[in-house]
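Subject: Structure for you to look at

Hello,

Here is the structure I said I would pass on. My notes follow below it.

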Amino acid sequence: KGLLDRAERLKRLNVFVHLDPDRVLSAARDADARRKAGEPLGPLAGVPVAIKDVLCVQGEPTTCGSRMLRNFRPPYDATVIARLRDAGAILFGKTNMDEFAMGSSTENSAYGPTLNPWDESRIPGGSSGGSAAAVAADLAPLSLGSDTGGSIRQPAAVCGIVGLKPTYGRVSRYGLIAFASSLDQIGPFAHDLADTALLMNVLSGRDPKDSTSVDSPVPDYAATLDTPPESLRIGIAREFFGEGLDPEVEASVREAIRVYERAGATIKDVSLPTSKVGVAAYYIVAPAECSSNLARYDGTIYGHRAEDFSPKYPGEEDIAPLVRMMMVSRAEGFGPEVKRRIMLGTFALSAGYADQFYNKALKVRRLIRNDFDAAFKDVDVILGPTSPTPAFRLGERTDDPLAMYLSDIYTITANLAGIPGLSVPCGLTKSGLPIGLQLLAPAFAEEKLLRTARVFE
Ligand code: GLN
């Protein structure tokens with residue numbers, strides 16, 4: 001009840017696209033009744049968890065930040081939602097996001113931007129900006145996001161909280177509305193590592209409904225968190241400290257390195273030479289997959305359907321009415337960034353250009369993975385900044401897609417390589433904006449990542 005009142009008071013932040021107080025209260029009453037009846041309690045019994053609106057919750061609006069899905073209510077729960085329910089959690093609203101998770105500021109939402117609780121003239125990061133702001137503003141102790149190129153870690157960094165992108169395959173994507181299926185992962189936001197570990201225990205593991213989820217044992221992340229890692233060799237990649245890095249962010253991350261040194265860590269230089277073309281490769285691979293995944297929104301089965309698709313321009317009479325219906329539905333339903341990606345992706349995949357763009361990007365992707373494999377022969381984790389700058393001002397980058405894309409220069413390579421990445425708060429700028437530190441580890445080494453971060457926390 002207190003959180004619902006707080007959500008009402010902080011409505012101006014525009015954190016939730018959907019929050020049903022009656023549902024929340026009845027879930028809370030049920031949880032209380034189970035506790036009083038002495039039923040065994042799940043690890044998240046009674047804990048409110050805010051959910052990025054890209055995840056299907058049965059019977060509840062799931063819009064993906066898009067007009068296209070304004071009236072969509074999925075007939076099923078995503079696997080992570082089912083797991084949260086089994087763990088006793090209370091689903092606390094659907095959070096705002098960039099449309100179909102495309103963006104770094106939550107300004108691409110059809111439902112207006114979310115404001116950063118630290119400074120309401122600034123962006124909360126994106127695309128999971130609503131989920132990060134929910135935790136940062138104490139509207140929920142935990143939330144779920146999705147990360148295709150940085151959408152958990154970057155908002156966590158600029159909102160001063162913890163965010164973890166798990167290894168590709170660690171968490172089931174069943175019921176996650178697809179953006180770029182080979183890059184998407186669901187992960188937790190929390191105030192600290194203990195809460196992050198607890199939520200990871202609930203989310204992780206093989207799911208027969210997602211053939212890319214991996215059947216490898218899930219450690220008890222919460223139980224081992226306080227055991228210092230056996231080996232603390234930290235890699236510093238020159239490529240993560242290049243041009244465009246804000247000096248205050250750099251100073252804060254360098255200070256974190258000194259903290260590790262004092263804790264006895266060995267600091268080593270590593271090289272990730274291909275990462276300089278990471279953003280370029282990502283903006284071929286992600287739009288290519290998006291153009292294919294978003295082909296399903298054509299107004300026929302679900303999503304927005306145009307009411308008026310009569311011919312308006314010369315020549316349109318020649319287009320079959322069904323095709324016109326699809327064209328107009330898509331034109332009305334999608335926002336400008338989504339359209340840009342669909343066009344980019346369709347082009348990159350088209351006959352005659354696929355070798356030059358898409359297939360080339362896949363080769364770069366392999367080289368990026370090779371860079372990480374080589375680096376992890378010498379070090380346990382790689383440390384650097386999460387985002388090159390603290391939260392920027394609303395509107396500052398909306399007219400400049402390239403500037404927006406560069407928000408993810410340090411996060412994108414982890415998705416291309418499939419490895420886990422964690423952002424933890426590491427300081428504040430002079431003007432009081434949060435700064436995040438990113439730690440990267442080999443595939444399925446989330447446990448190591450959390451324990452290494454704990455040394456710093
Ligand atoms: N900002 C990146 C993009 O726009 C990453 C988004 C994400 O991780 N979902 O694609």
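A residue is called buried here if 20 or more other C-beta atoms lie within 10 Å of its own, exposed if 12 or fewer, and partly exposed in between, with C-beta atoms placed from the backbone. This is a predicted model, in which local features need pLDDT of at least 70 and side-chain atom pairs count only at pLDDT 80 or more, while totals for chains, interfaces and linings use all residues. Residues are numbered from 1 along each chain as its sequence is written.

Active site

An unreviewed UniProt entry lists Lys52, Ser127 and Ser151 under "active site". These three span 100 residues in sequence, yet no two of their C-alpha atoms are more than 11.0 Å apart, so they gather at one spot. UniProt positions are in the numbering used here, feature names are shortened, and annotations may be inferred rather than shown by experiment.

Lys52 is part of strand E2 (residues 48–52); helices (H or I, at least four residues) and strands (E, at least two) are DSSP runs numbered from the N terminus. Lys52 counts as buried because it has 31 C-beta neighbours inside 10 Å. Ser151 sits in the loop between strand E4 (142–147) and helix H5 (153–159), and with 36 other C-beta atoms within 10 Å it is buried too.

Two residues are in contact if their C-beta atoms, placed from the backbone, lie within 7 Å. Leaving aside residues up to four places away in sequence, Lys52 touches, among others, Thr95, Ser128, Gly145 and Ser146. On the same terms, the contacts of Ser151 include Ala101, Ser127, Gly145 and Ser146.

Strand E4

Six of the six residues of E4 are buried, so this strand is largely enclosed by the rest of the structure. Leu142, Leu144 and Ser146 point one way from E4, and Ser143, Gly145 and Asp147 the other way. In a regular strand the side chains alternate between the two faces of the sheet.

Strands pair if DSSP finds at least two bridges between them. E4 pairs with E2 in the parallel sense over three bridges, and Val49 stands opposite Leu142 in E4. With strand E6 (residues 185–190), E4 pairs in the antiparallel sense over six bridges; there Asp147 has Gln185 of E6 as its bridge partner.

Helix H11

The buried residues of H11 are Val338, Arg341, Ile342, Gly345 and Ala348. What covers them includes helix H9 (278–293) and helix H12 (358–375). The face turned away from the buried side of H11 carries the exposed residues Pro336 and Met343.

Regards
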